[in-house]
Amino acid sequence: MENEKYLNDLNEIKQMMNKSSRFISLSGMSGILAGIYALLGAGFAYSILYQNTSITADYKNLVLTEISAIKLVAIAFAVLVLSIITGFVFSINKAKKQNESVWNIASKRLLINFLIPLATGGFFILFIIEKDFMVLVAPSTLLFYGLACLNASKYTLGDVRYLGLSMIVLGLLSTWFLGYGLLFWALGFGGCHILYGSLMYFKYDRK
Amino acid sequence: MLNIIQNINKAFDHRIRLGIMSILMVNENADFNMLKELLGVTDGNLASHTKALELEKYILIEKQFIGKKPNTKYSATKAGRNAFIAHIDALEKLIKKS
């Protein structure tokens, strides 16, 4: 009897510590969907980039016309916006189900710690595009997104940490194997999102 | 056994006080509304429990103004942190004993 009370107390402490410092309404399903958007985007990008050639050909011969460059930016932007909207909608729903507020100290902290490395990466990538280091764009998106996830993981579900680490590894690999950026990009933003999204979905959402 | 029971801190022997301390252990500070929202308690209830913890010198209460709105900030003191850690240790040991 007494024992049960002590156990309850400990559970209460743990729960309150988590609830007050981490945003736990992050939805696994939105990760899966973001992965699918990324794969579709990568597919479109592939068809634009490698119309007359294949990814195994020498990447230095890749010619990027202005129109295809604009198309690529549009695809990337669409994937980003869709993923963000999906993430917000699913998290709001999950928070409502769990009777938690969406906009609280924990979610603000999560957002700011995620956005600082991500915005740094955004500017970095804009600058290297301006300087014509196109080949580094894909590796940089993977690296900065990975670092952003790693930083944000302290303020949300722990699984995000492993998503971040996977992205960083893929980012480094794609820096080494320059020219296969799109492949690593699809593997990271598509594959990893679907993998970790499903893990989180089965771990937390399906109950 | 007696030793362990002595470490069970009477000041934390209440769900709300336990909650307040748990929140302040992992957050640098928290304001009144944040505590209220997380714990789901009424203003008066929360005020009386924070006062009790302040009397024990386990938490620090700072009153200030943000613009024209009064804002009360709570943080755990060093003594509060140590006492809470001892309390958790005692709980864990009691569970392991039986």
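**Chain by chain, then the contact**

A: Starting from the N terminus, the elements of chain B follow the order α-α-β-α-α-β-β-α, where helices (H or I, at least four residues) and strands (E, at least two) are DSSP runs numbered from the N terminus. This is a predicted model, in which local features need pLDDT of at least 70 and side-chain atom pairs count only at pLDDT 80 or more, while totals for chains, interfaces and linings use all residues. Residues are numbered from 1 along each chain as its sequence is written, and chains are lettered from A, and ligands numbered from 1, in the order in which they are written.

Q: How many helices and strands does chain B have?
A: Chain B has five helices and three strands, and its C-alpha atoms fill a box of roughly 55 × 25 × 20 Å along the principal axes.

Q: And what is the mean pLDDT of chain B?
A: The mean is 89, with 93% of the residues of chain B reaching 70 or more; pLDDT is the predictor's confidence in each residue, from 0 to 100. For the model, the scores are ipTM 0.84 and pTM 0.80.

Q: What share of chain B is buried?
A: Buried residues make up 30% of its 98 residues, a residue being buried if 20 or more other C-beta atoms lie within 10 Å of its own, exposed if 12 or fewer, and partly exposed in between, with C-beta atoms placed from the backbone.

Q: What about chain A, which elements does it run through?
A: Chain A reads α-α-α-α-α-α-α from the N terminus on, that is, seven helices and zero strands. Its C-alpha atoms fill a box of roughly 75 × 25 × 25 Å, taken along the principal axes, and 36% of its 207 residues count as buried.

Q: How much of the contacts in each chain comes from residues 24 or more positions apart?
A: Among contacts with a separation of 6 or more, such residues account for 76% in chain A and for 55% in chain B. Two residues are in contact if their C-beta atoms, placed from the backbone, lie within 7 Å.

Q: Now the interface: how many residues of each chain take part?
A: 17 residues of chain B are in contact with 15 residues of chain A. On the chain B side, α2 (15-26), α3 (32-39) and α5 (78-97) each supply at least two residues, and α2(B) gives the most, with seven residues.

Q: What is that side made of, by class?
A: The side of chain B that touches chain A has 10 nonpolar, four polar and three charged residues. Here Ala, Val, Leu, Ile, Met, Phe, Trp, Tyr, Cys and Pro count as nonpolar, Asp, Glu, Lys and Arg as charged, and the others, Gly among them, as polar.

Q: At what angle do α1(A) and α2(B) pack?
A: Helix α1 (residues 2-21) of chain A packs against α2(B) at about 45°, with the axes 8 Å apart; axes are lines fitted to C-alpha atoms, for helices over the stretch in contact, and angles run from 0 to 180 degrees between N-to-C directions. That angle makes α1(A) oblique to α2(B), given that angles under 35 degrees count as roughly parallel, over 145 as roughly antiparallel, 65 to 115 as roughly perpendicular and the rest as oblique.

Q: Left-handed or right-handed?
A: The crossing of α1(A) and α2(B) is right-handed, a crossing being left-handed if the near helix is turned anticlockwise from the far one by less than a right angle, and right-handed if clockwise. The residues that meet include A:D9, A:E12 and A:I13 in α1(A), and B:R15, B:L18 and B:G19 in α2(B).

Q: Which classes do they fall into?
A: The residues of the contact of α1(A) with α2(B) divide into seven nonpolar, four polar and three charged.

Q: Within chain A, how do α5(A) and α7(A) pack?
A: α5(A) and helix α7 (residues 181-205) pack at about 25° with axes 8 Å apart, which makes them roughly parallel, and their crossing is left-handed. Among the residues that meet are A:V137 and A:P139 in α5(A), and A:F184 and A:W185 in α7(A). By class, this contact has seven nonpolar, three polar and no charged residues.

Q: Changing topic, which phi does A:D132 have?
A: Phi of A:D132 is near 70°, a positive value in a residue other than glycine. A:D132 is found in the loop between α4 (105-130) and α5 (137-152) of chain A, and is exposed, with 7 other C-beta atoms within 10 Å.

Q: And where is B:K57?
A: B:K57 lies in the loop between α4 (43-55) and β2 (59-66) of chain B. B:K57 has a positive phi of about 65° although it is not a glycine, and B:K57 is exposed, with 12 other C-beta atoms within 10 Å.
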